[in-house]
Amino acid sequence: MEKRANAQRLFALDPAALAQGLTPGLSLSDARARLPSLLVAPADPAADRALLLRLAARCERYTPLAALDEPHGLVLDIAGCAHLFGGEEAMRARVIADFRAWGLTAQAAVAPSPDCARALARFSAGGTFTDQAEGAVARLPLAALEADEEIHFALGRAGFKTLGDLAARPTRVFAARFGNEFPFRLERLFGRADHRITPLRPPPDRMVERHFLEPFSQREAVESVIDDLLHDVALLLEQRGEGGRRFELSFFRADGHVRRLDIETLRPTRDEKFLARLFREKLDSLADPLDPGFGFDALRLAVPRAETCDAHQESFDGAARNDNERELSELLDRLTTRFGRARVLRFMREDAHEPERESRAVPASAPPSTWPAPVPGEPPARPLTLFDPPQPVEVVALAPDGPPARFRWRRKIHDVLRAEGPERIAPDWRLHGLEAPERDYYRVEDAEGRRFWLFRHGLYERGEAAPRWFLHGLFA
């Protein structure tokens, strides 16, 4: 039940309550007057949606195009995949049987369009309506419109009882009375106009799968099926001159539970042996081990992201070229698979002139950045090691706004022999405002040959109060 219009009303009913004549939207007081033994519970839309999401994931064993039809339905696009299950009627029967095995009651219809299938599933006994969809929809009651109460009331007052009565009249009459959307709604209900669904997950670029009559759970059998799937997807990618950047393996258990594992690679690949090694490492490093339950009855390997991939050149003796870049990328792929994307990082260059914002850490699978090449024969302008935040130091300078001559850092005095600078960096006014002080950076070397990167925050010549010095980094 739910509270609506200052009254407790029925939200959803089981078959026994429907058989007693109760309907959704009926007030709780009227319902108890008809059926005093009625048992009710508060409606929980969030839990209902979570259940639908789990069911949609289970239904991906039939088709990758599954969408929610809230509050209590699913829409599956089975175009091109019904033959894998013995035809449309056999597939519909199997879906209903699987829902029954999961402890749920389902009613399904196969029709040319999503709206047509929804109406036939909700307002008829269901079935397969490939060729007789229009006739079946014409016999449906006006409630199949699922329009506003005012529209249903007006159509009832006019004497209409079924959708076929509406189809016999010119559509411009209804458009003038109920708006231009009304005729399009009728067209979709009769299957004359297709309304595309939005699947929960975008369809992958490439996909292969295996279905089994008997569930299995042995690790050796799972790895053997994975090898077969990788071989098939490698052939498919090779025919198209592509390689995968992301691979997703779905395990469908006999009890409906779905587990997904995915791996990413830095470069497009279709090397099935290398991918099999990555998936084995993924299985071995799972914090939550793969639980087969009563066994897996289907496995699917999808390639959500594929890119152009040239064939790998080999030497004349058949040995692969010593490609350092490829070896490095494969090492990073293995580390990422074992430890996770959040633990294997690389630096990406940012469009910012402030040193602490010049780069940021991103997963190693992200595209690499282009960094400026160092000037030949010149020392690096900035150190690799930076302190976050910069560490304060005490500085003695020969001139107020001049380079440092001596500084104290970590209770030790450093005499400056050489200093180069300043490199003046203004702060980003969008972050720090227009009045934020500038920084003057100096590269300095002390008497022991160690090099530091210091900056003065603020300038005496501009009257800024007590400029301070900081150590921002160390040169190697």
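Reply: Consider tryptophan 409: its relative accessibility is 10%, so this residue counts as buried (buried is under 20% relative accessible area, exposed over 50%, partly exposed in between, with a 1.4 Å probe and protein chains only). The model is predicted: local features need pLDDT of at least 70, side-chain atom pairs count only at pLDDT 80 or more, and totals for chains, interfaces and linings use all residues. Residues are numbered from 1 along each chain as its sequence is written, and side-chain values use heavy atoms, with hydrogens and water left out.

Me: How many aromatic pairs does the structure hold?

Reply: Rings of Phe, Tyr and Trp (its six-membered ring) pair if their centres lie within 6.5 Å; planes under 30 degrees apart count as stacked, over 60 as edge-to-face and the rest as tilted. The structure holds 15 such aromatic pairs. In one of them, the ring centres of tryptophan 409 and phenylalanine 452 are 6.1 Å apart and the planes stand at 75°, so the pair is edge-to-face. Phenylalanine 452, with 3% relative accessibility, also counts as buried.

Me: Which residues do ring pairs link into a cluster?

Reply: The cluster consists of Phe160, Phe174, Phe178 and Phe182.

Me: Which residue lies over the face of tryptophan 102?

Reply: A charge sits over a ring if NZ of Lys or CZ of Arg is within 6 Å of the ring centre and within 35 degrees of the ring normal. Arginine 58 lies over the face of tryptophan 102, 4.9 Å from the ring centre. Arginine 439 is placed over the face of phenylalanine 455, at 4.8 Å from the ring centre.
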